[in-house]
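Look at the model below before reading on.

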Amino acid sequence: MAFETGSRPGIFIARKVFPEVVARLGEHFDVEMNDTDHVLSPEQLAQRLQGRVGVLTTGSERVDAALLAACPELKIVANIAVGYNNFDMAAINAAGVLATNTPDVLTETTADFGFALLMATARRLTESEHFLRAGQWNRWSLDMFAGAEVHGSTLGILGMGRIGQAIARRGAHGFGMNVIYHNRSRLDGALEAECKARYVDKAELLRCADHLMLVLPYSPESHHSIGAAEIAQMKPSATLINIARGGIVDDAALAHALREKRIAAAGLDVFEGEPKVHPDLLTVPNVVLTPHIASATLGTRMAMAMLAADNVIAYLTQGKALTPLNPEVTRE
Ligand SMILES: NC(=O)C1=CN([C@@H]2O[C@H](COP(=O)(O)OP(=O)(O)OC[C@H]3O[C@@H](n4cnc5c(N)ncnc54)[C@H](OP(=O)(O)O)[C@@H]3O)[C@@H](O)[C@H]2O)C=CC1
Ligand SMILES: O=C(O)C(=O)[C@@H](O)[C@H](O)[C@H](O)CO
């Protein structure tokens with residue numbers, strides 16, 4: 001879709017965004033957008049980026065050395081996401097391209113969803129809904145769909161950053177939960193007090209959590225942070241919630257553990273190789289599955305896309321982006 005032609009710099013939007021975002025970019029640039037609901041292949045993306053100085057991406061488009069080599073005029077890549085594991089930062093830095101993401105604007109919305117998924121998983125919401133829809137409610141027993149307690153239980157958080165802390169506040173202040181967390185580095189005392197959270201090592205986190213929430217970025221270091229060995233350390237009554245990224249959990253090992261009732265249940269918003277989902281996860285009953293929607297409210301998705309657009313405008317018109325990942329890169 002071409003919005004204007006002329007001599008103004010060209011921007012490409014790799015996935016369909018709201019008209020308001022296109023209009024804002026259109027005040028400064030010639031804008032083109034992939035207005036399908038499909039991800040472009042790397043070749044298609046490279047082709048659409050020819051002659052363009054900036055691109056808005058989502059977590060689905062990979063920006064790597066091959067793409068950058070094919071698009072030498074590119075100056076900025078603006079992710080509509082806080083996670084940026086789709087960016088090869090070494091290649092982006094080497095190409096002298098600025099990269100931006102969308103922190104903060106999605107923190108509270110994503111934390112709300114993390115809690116929603118925790119509640120749905122602990123209290124077996126989708127399993128019981130399927131039962132009702134299937135007309136099976138003529139059966140009843142005292143322990144039917146008896147789930148795990150949320151209030152007063154122990155919430156373990158792996159990845160206690162912006163979103164992890166927002167989840168901790170909900171758990172501690174709203175549900176009277178005992179919050180423990182693990183990061184590579186410890187929070188300062190004031191933040192720990194505000195979140196009512198106690199720092200523990202990973203082994204204690206796995207051993208003590210009734211509900212284990214993953215909110216850490218994906219990296220080679222965090223790949224399969226939770227696999228068979230870690231699940232074996234968890235309580236059999238525990239639930240595991242992954243709103244972080246596919247690949248942080250070994251999905252095959254998790255599906256096996258759920259089938260064997262090694263842990264009680266899991267709630268997953270993100271998957272290894274998504275949008276594909278491990279087939280075994282689709283057949284175990286004790287898992288709640290959602291298609292990567294933790295930040296999906298209209299207001300938050302608008303704020304994310306607007307922040308990505310504003311990053312492009314600020315960098316290309318004033319030389320300084322709002323939320324740069326590599327601020328050492330400067331415009332020529
Ligand atoms: N499902 C969805 O739709 C969404 C998913 N996300 C995901 O959530 C992630 C977190 O976002 P946000 O809270 O804003 O990010 P932050 O950078 O604020 O927090 C990340 C936290 O993870 C910790 N961490 C990083 N690496 C490790 C590791 N290897 N082991 C343990 N802890 C680690 C960091 O602490 P330290 O460096 O001290 O280890 C930090 O506290 C994003 O990267 C994204 O992947 C975000 C939004 C929506
Ligand atoms: O911000 C992130 O890291 C996310 O995972 C989500 O908010 C995005 O919706 C998704 O990546 C699409 O860009």
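**A helix and its surroundings**

The buried residues of helix 7 pack against helix 5 (107-122), strand 6 (154-158), strand 7 (178-182), helix 8 (189-195) and strand 9 (211-214). Packing here rests on contact, meaning heavy atoms within 4.5 Å. Buried means under 20% relative accessible area, exposed over 50%, and partly exposed in between, with a 1.4 Å probe and protein chains only. Helices (H or I, at least four residues) and strands (E, at least two) are DSSP runs, numbered from the N terminus.

This is a predicted model: local features need pLDDT of at least 70, side-chain atom pairs count only at pLDDT 80 or more, and totals for chains, interfaces and linings use all residues. Residues are numbered from 1 along each chain as its sequence is written, chains are lettered from A and ligands numbered from 1 in the order in which they are written, and side-chain values use heavy atoms, leaving out hydrogens and water.

Helix 7 covers residues 162-175. Its 14 residues reach 19 Å from first C-alpha to last, close to the expected 20 Å. That expectation is 1.5 Å times one less than the number of residues. Among the buried residues of helix 7 are Ile163, Ile167 and Gly171. Gly176 follows the helix, with a positive phi near 60 degrees.

Next, the aromatic rings. Rings of Phe, Tyr and Trp (its six-membered ring) pair if their centres lie within 6.5 Å; planes under 30 degrees apart count as stacked, over 60 as edge-to-face, and the rest as tilted. The whole structure holds three such pairs. Phe115 and Phe175 are stacked, 4.8 Å centre to centre with 25 degrees between the planes. This pair links helix 5 to helix 7, across 60 residues. Phe115 is buried at 6% relative accessibility, while Phe175 is partly exposed at 30%. Phe131 and Phe145 have ring centres 5.1 Å apart and planes at 75 degrees, so they pair edge-to-face.

Seven strands form an open sheet in the order 8-7-6-9-10-11-12, with parallel pairing. Strands pair if DSSP finds at least two bridges between them. Strand 8 (197-199) and strand 12 (287-289) each have a single partner, so one side of each lacks a neighbour in the sheet. The twist averages 20 degrees from one strand to the next. Four bridges join strand 10 (residues 239-242) to strand 11 (residues 265-268).

Key
Axes fitted to C-alpha atoms, helices over the stretch in contact; angles between N-to-C directions.
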